[in-house]
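Biologist: I have not looked at this one before. Can you walk me through it?

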Amino acid sequence: RLVREALTGLNLDVMIMPCPIGGRNIRQLQKDAGSDQLPALFDSNSDDRLVGAEAIISHLYKTYKQCEVPQSMRVSAKKLRTSRMSSLLRLNAGSKARASSPAAQPLVLYSFESSPFSRIVRELLCELELPYLLINLGKQQRADMGPAKLRLNIGPYEPIKNSKREAFHKQHGNVQVPYLEDPNTGAALFESADIVDYLKREYAR
Ligand SMILES: N[C@@H](CCC(=O)N[C@@H](CS)C(=O)NCC(=O)O)C(=O)O
């Protein structure tokens, strides 16, 4: 979670390989890397392999922002505690593998870390062990605040120019997450409840 927070803050997208407890992906990681410690990041731009939130976040800020990790993003005992607490509040949803059919191609999820609706989708993608490209559409300005249908600013919504939000807005006429695309079936869906139903129907066994 802390790594994904940093990725949202840095506006970076990543391919996620979920490794829930008891699943095939964690066994494969152990085989390939000789360790099942998570989180683990492979950066294909620099060919670096990093393990542990602190090392990964430091790498991300050094490589993609040329700076030290800001105070607000540093891994601390308090942050780990609150992160664990939020998992407990969700009864550890998204931590254990459930029987699933594999997907031939990775799915695509538009999301940002603190979105409660996206969290539900991420949890299920993890339980089903479905790899996905996580595209972060974090909020960048005051005008982005509020739900898509009830923005807190007055007047038509205008995302920041040349941003991923602007590209999404041009394509869909709004910016709302979660949004899921499945290249395996051609499905493209808004609405967390519909996405959850779709994933269960298509991939849960
Ligand atoms: N009913 C939708 C609500 C989704 C929603 O409100 N998403 C928020 C983020 S949590 C959003 O897209 N806000 C607009 C924005 O971020 O620009 C669902 O269940 O997916």
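Modeller: A definition to start with: buried means under 20% relative accessible area, exposed over 50%, and partly exposed in between, with a 1.4 Å probe and protein chains only. By that scale E129 is buried, at 6% relative accessibility. This is a predicted model, in which local features need pLDDT of at least 70, side-chain atom pairs count only at pLDDT 80 or more, and totals for chains, interfaces and linings use all residues. Residues are numbered from 1 along each chain as its sequence is written, and side-chain values use heavy atoms, with hydrogens and water left out.

Biologist: Where is E129, and what is its phi?

Modeller: E129 sits in the loop between α5 (116-127) and β5. Its phi is near 60°, a positive value in a residue other than glycine.

Biologist: Which other residue has a positive phi without being glycine?

Modeller: E191, with phi near 75°. E191 is in the loop between β7 (187-190) and α7 (192-203). With a relative accessible area of 38%, E191 is partly exposed.

Biologist: Back up a bit. How many helices and strands are there?

Modeller: The protein has 7 helices and 7 strands. Helices (H or I, at least four residues) and strands (E, at least two) are DSSP runs, numbered from the N terminus. From the N terminus on, the order is α-β-α-β-β-α-α-β-α-β-α-β-β-α. The radius of gyration is 17 Å, close to the 17 Å that the globule rule gives for 205 residues, so the protein is as compact as a globular protein of that length. That radius is taken over C-alpha atoms, and the rule is 2.2 Å times the number of residues to the power 0.38.

Biologist: What does the C-alpha trace span, and how much of the protein is buried?

Modeller: Along its principal axes the trace spans about 55 × 45 × 35 Å. Of the 205 residues, 41% count as buried.

Biologist: And what share of the contacts is between residues 24 or more positions apart?

Modeller: Such pairs account for 58% of the contacts with a separation of 6 or more. Contact means heavy atoms within 4.5 Å.

Biologist: How many positive and negative side chains?

Modeller: There are 29 positive and 22 negative side chains, and the centres of the two sets lie 6 Å apart. Lys and Arg count as positive, Asp and Glu as negative, while His and the chain ends are not counted. The place of a charge is NZ of Lys, CZ of Arg, CG of Asp or CD of Glu.

Biologist: Let's look at strand β5. Is N136 buried or exposed?

Modeller: N136 lies in strand β5 (residues 132-136) and is buried, with a relative accessible area of 2%.

Biologist: Which side chain does the N136 side chain make a polar contact with?

Modeller: That of T8, at 3.0 Å. A polar contact is a pair of N or O atoms within 3.5 Å; within protein, one must be able to donate a hydrogen and the other to accept it, and residues adjacent in sequence count only if both atoms are side-chain atoms. A polar atom of the N136 side chain also lies 2.8 Å from the backbone oxygen of L12. Leaving aside neighbours within four places in sequence, N136 is in contact with residues including L7, N11, S111 and K164.

Biologist: What about I16? Where is it, and what does it touch?

Modeller: I16 is in strand β1 (residues 14-16) and counts as buried at 18% relative accessibility. Not counting residues up to four places away in sequence, I16 touches R4, L130, P131, Y132 and L134.

Biologist: Last topic. Where are the cis peptide bonds?

Modeller: One joins L38 and P39, with omega about -5°; another joins V177 and P178, with omega about 0°. P39 is in the loop between α2 (24-33) and β2 (40-43), while P178 is in the loop between α6 and β6.
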